[in-house]
Amino acid sequence: MKPAPFHYEKPASLDAVFSLLDKHGDNARILAGGQSLLATLNMRLSAPDLLIDITGLDTLRGIAVDGGFLRIGALTTHAEVKGSADVAMHAPLLAQVMPFIAHPAIRNRGTFGGSLAHADPAAELPACMLALDAEMEIAGASGKRSVRAADFFRGLYETDLKPGEVLISVAIPVLSAGYRSGFSEFSRRSGDFAMAGLAAHAKFENGVLSDVRLAYCGVDIRAVRAAAAERVLDGKPLNANLLDEAKARLADDLDPPDDLQASGKMKIHLSQVLLGRVLSAMSSASEA
Ligand SMILES: Cc1cc2nc3c(=O)[nH]c(=O)nc-3n(C[C@H](O)[C@H](O)[C@H](O)COP(=O)(O)OP(=O)(O)OC[C@H]3O[C@@H](n4cnc5c(N)ncnc54)[C@H](O)[C@@H]3O)c2cc1C
């Protein structure tokens with residue numbers, strides 16, 4: 001199918017973006033990498049009058065380490081994140097997750113900010129943002145604000161972005177001593193969205209876990225933390241019994257709806273398998 005007719009603007013400044021958003025309201029949509037938006041236009045799931053192409057705003061690109069944070073500009077592509085030495089050193093979870101996101105052609109155009117603003121429940125990056133306790137940096141005509149990832153992802157394709165606002169960057173605390181991350185997922189084919197995925201981050205000290213963060217994608221209407229399982233693991237030495245107890249608590253944390261790929265019950269099972277795999281890999285890495 002072809003999209004409904006639309007107008008196109010490519011502003012040269014953020015202020016120009018804000019004034020277009022203000023003028024056109026709900027009839028305008030921001031265009032970044034286009035890897036999700038163009039599919040929805042082609043399928044006529046949305047039909048905005050105006051696309052505001054923000055790819056000319058170079059201030060929204062790039063990766064920098066600054067004051068204890070790794071800052072990733074919203075227009076930084078998945079491929080750039082995947083190839084970044086700073087990301088590998090300061091947020092290795094993102095380096096691990098990138099090969100799971102789509103295929104090289106899509107990673108070359110799709111943007112970090114576009115994925116987070118789109119908030120697909122099966123996308124990997126929102127779960128990583130929860131696990132890393134990232135801050136979403138947002139700008140609008142009235143100024144800038146920051147929102148923690150825990151408050152940003154609100155529902156199915158729904159975020160805390162207000163009309164007229166743009167996600168400009170993400171600030172991720174750099175990896176602290178003793179912390180380890182891990183990611184794994186189940187998908188039907190390599191590069192597909194996750195049927196269930198787990199991004200985990202925790203401190204390992206003499207085999208004892210603390211500050212455990214388990215964030216799942218593909219099992220709810222948005223990325224979710226597994227708080228009950230985290231509590232089981234926190235402050236205790238990781239062993240097979242503890243892992244079994246944490247897996248059992250996932251049934252309290254997660255209530256996946258049945259979908260075309262798997263029943264909710266199957267997704268709980270997959271989430272439990274992921275917990276075992278990811279924590280075992282993190283545990284071996286910490287002893288290396
Ligand atoms: C075949 C295929 C497979 C894919 N597989 C995966 C996968 O396995 N995992 C995965 O996570 N993703 C996957 N994707 C999606 C891909 O990661 C996209 O890059 C991403 O979802 C959207 O990024 P984008 O830059 O293309 O955004 P766009 O498509 O341009 O925009 C998406 C939405 O976000 C809004 N938006 C974009 N940027 C901003 C901003 N800075 N501020 C405010 N709003 C903004 C747009 O208005 C639009 O509503 C896949 C895509 C395709 C086509």
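**Close-up views of a predicted model**

View 1. Residues are numbered from 1 along each chain as its sequence is written. β11 (residues 179-186) and β12 (residues 196-205) pair in the antiparallel sense over eight bridges, two strands being paired if DSSP finds at least two bridges between them. Eight of the eight residues of β11 are buried, a residue being buried if 20 or more other C-beta atoms lie within 10 Å of its own, exposed if 12 or fewer do, and partly exposed in between, with C-beta atoms placed from the backbone. Y179, S181, F183 and E185 point one way from β11, while R180, G182, S184 and F186 point the other way, and all are buried.

**View 2. The shell around the ligand.** The ligand is surrounded by 30 residues, of which the closest are G33, Q35, G110, G114 and A123; a residue is near a molecule if its C-beta atom, placed from the backbone, lies within 6 Å of it. At least two residues of this shell come from each of β2 (28-31), α2 (37-42), α7 (112-118), α8 (124-131) and β10 (166-173), and the largest share, five residues, comes from α7. By class, the shell has 16 nonpolar, eleven polar and three charged residues, with Ala, Val, Leu, Ile, Met, Phe, Trp, Tyr, Cys and Pro counted as nonpolar, Asp, Glu, Lys and Arg as charged, and the others, Gly among them, as polar.

**View 3. Helix α8 and the residue D133.** Because eight of the eight residues of α8 are buried, this helix is largely enclosed by the rest of the structure. The buried residues in α8 are E124, L125, P126, A127, C128, M129, L130 and A131. Just after α8, D133 takes a positive phi of about 50°.

**View 4. The hairpin of β6 and β7.** Strands β6 (residues 135-140) and β7 (residues 143-148) pair in the antiparallel sense over six bridges, and they form a hairpin with two residues between them. Within this pairing, I138 stands opposite R145 in β7.

**View 5. The two sides of helix α11.** Helix α11 (residues 240-253) has 14 residues and reaches 20 Å from its first C-alpha to its last, close to the 20 Å expected at 1.5 Å a residue, the expected span being 1.5 Å times one less than the number of residues. Its buried residues are A246, K247, R249, L250 and D253. Seen down the axis of α11, these buried residues fall within an arc of 165°, so they line one face of the helix; the arc is that of the directions from the helix axis to the C-beta atoms. On the other side of α11, A240, N241 and D252 are exposed.

**View 6. The loop around T59.** T59 lies in the loop between β3 (50-53) and β4 (63-66). T59 is exposed, with 12 other C-beta atoms within 10 Å. Although T59 and S13 are 46 residues apart in sequence, they are 9.1 Å apart in space, C-alpha to C-alpha.

Definitions and conventions
This is a predicted model: local features need pLDDT of at least 70, side-chain atom pairs count only at pLDDT 80 or more; totals for chains, interfaces and linings use all residues. Helices (H or I, at least four residues) and strands (E, at least two) are DSSP runs, numbered from the N terminus.
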